[in-house]
Amino acid sequence: MKQRTLGTSGPSVSALGLGLMGMSEFYGATDDERSIATIHRALDLGVNFLDTADVYGGGHNEQLLGRALAGRRRDEAVVATKFGARRQGNVATVDSTPEYARQAVDASLARLGIDHIDVYYLHRRDPEVPIEDTVGALADLVAQGKIRHIGLSEVSADTLRRAHAVHPIAALQSEYSLWERGLEAEVLPAARELGVAVVPYSPVGRGFLTGTVTDLNALAPDDYRRVDPRFQGDNLARNLALAERVKALAEQVGVTPTQLALAWLLHQGPDVIPIPGTKRISYLEQNAAAADVNLDADTLIALDAAVPRGAAAGDRYPEQLMSRLNG
């Protein structure tokens, strides 16, 4: 597996990481033993950048990763987790106070069963809490050895600059893919100006760019995509046309649509490190192979034309969650 550097002074990580969220919730039935086998296979393949969060499955996801790494495998992994997004029942809140950061990191370390977190992200920012205060608290955690590097998620270019002025930010995790390119206008240039790596989540559009999601009725009853605006009504019909364009180009290149979408992201620059999520070894292996797909200039131009910035129909989250993006 090819390697990329997380920021200017961060660790070397696999060019493609592994998002673990779906191993606990949001995308149908889960199976802990199968998920642990997938994590182990990822490490065998050199996919060492493993992404979780304290809110996924109410802590289950971190515990699952801890089980997978127990014993000798901790040193093979670069562990990234997050704090700041909280849920009580169906109520979602955000807490980026320094007090909560100190509380959350200890809870994550205990669930993971490790003595330090390699990359600790602020999952979502509370606009009422100055980013300088939050990053100042995270800098203290770096000094204490509880975390090694600081990351942010879904923040604006201005917030990123303010945060970086307090302490170097290694990574910015935000949604970025062929069908979600809003990052390119202001946030991606700011990250590059500061030497911050960009870690795209949902790099294949929550599975949409795989070309396999055509009917919501085929999804599990608790699948998040049943409420995702881009999978609804007229939006779904318009977006299916985009997926078909990607599928056609993938056939020309001789790869799967998923591999084409991931390869496109990797070609956006050496500072882009996607973290596709999966629960299955077969999909993991397919994703990992995308790191070796070389796209020529004509294919990249064709992809830009097929799925230009802003082409996707619908908001990327339900209305109540949109306000927490690009904080």
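1. In this predicted model, contacts between residues 24 or more positions apart account for 75% of the protein's contacts with a separation of 6 or more. Buried residues make up 57% of the 327 residues.

2. On the overall build, the protein holds 11 helices and 11 strands. Its radius of gyration is 19 Å, close to the 20 Å that the globule rule gives for 327 residues, and the protein is therefore as compact as a globular protein of that length. Taken along the principal axes, the C-alpha atoms fill a box of roughly 50 × 40 × 40 Å, while the accessible surface comes to about 13300 Å², with 48% of that area belonging to carbon and sulfur atoms.

3. Turning to the aromatic side chains, a pair of rings is described by the distance of the centres and the angle of the planes. The count for this protein comes to three aromatic pairs. In the pair formed by Phe83 and Tyr120, the ring centres are 5.2 Å apart and the planes stand at 20 degrees; because planes under 30 degrees apart count as stacked, this pair is stacked. Phe83 belongs to strand E5 (residues 78-83) and Tyr120 to strand E8 (residues 117-122), so the pair ties together parts that are 37 residues apart in sequence.

4. Tyr176 and Trp264 form an aromatic pair that is edge-to-face, with 5.9 Å from centre to centre and 70 degrees between the planes. Tyr176 lies in the loop between strand E10 (171-175) and helix H6 (187-194), whereas Trp264 lies in helix H8 (residues 257-266), so this pair ties together parts that are 88 residues apart in sequence. Both Tyr176 and Trp264 are buried.

5. One further aromatic residue deserves a remark, this time for a charged neighbour: Arg230 lies over the face of Trp179, at 5.2 Å from the ring centre.

6. For a reader new to the structure, the two pairs described above may be set side by side: the stacked pair of Phe83 and Tyr120 joins strand E5 to strand E8, while the edge-to-face pair of Tyr176 and Trp264 joins a loop to helix H8.

Technical notes:
Residues are numbered from 1 along each chain as its sequence is written. This is a predicted model: local features need pLDDT of at least 70, side-chain atom pairs count only at pLDDT 80 or more; totals for chains, interfaces and linings use all residues. Side-chain values use heavy atoms; hydrogens and water are left out. Rings of Phe, Tyr and Trp (its six-membered ring) pair if their centres lie within 6.5 Å; planes under 30 degrees apart count as stacked, over 60 as edge-to-face and the rest as tilted. Helices (H or I, at least four residues) and strands (E, at least two) are DSSP runs, numbered from the N terminus. Buried means under 20% relative accessible area, exposed over 50%, partly exposed in between (1.4 Å probe, protein chains only). A charge sits over a ring if NZ of Lys or CZ of Arg is within 6 Å of the ring centre and within 35 degrees of the ring normal. The radius of gyration is taken over C-alpha atoms; the globule rule is 2.2 Å times the number of residues to the power 0.38. Contact means heavy atoms within 4.5 Å. Accessible areas come from the Shrake-Rupley method with a 1.4 Å probe; for residues, only the protein chains shown count as cover.
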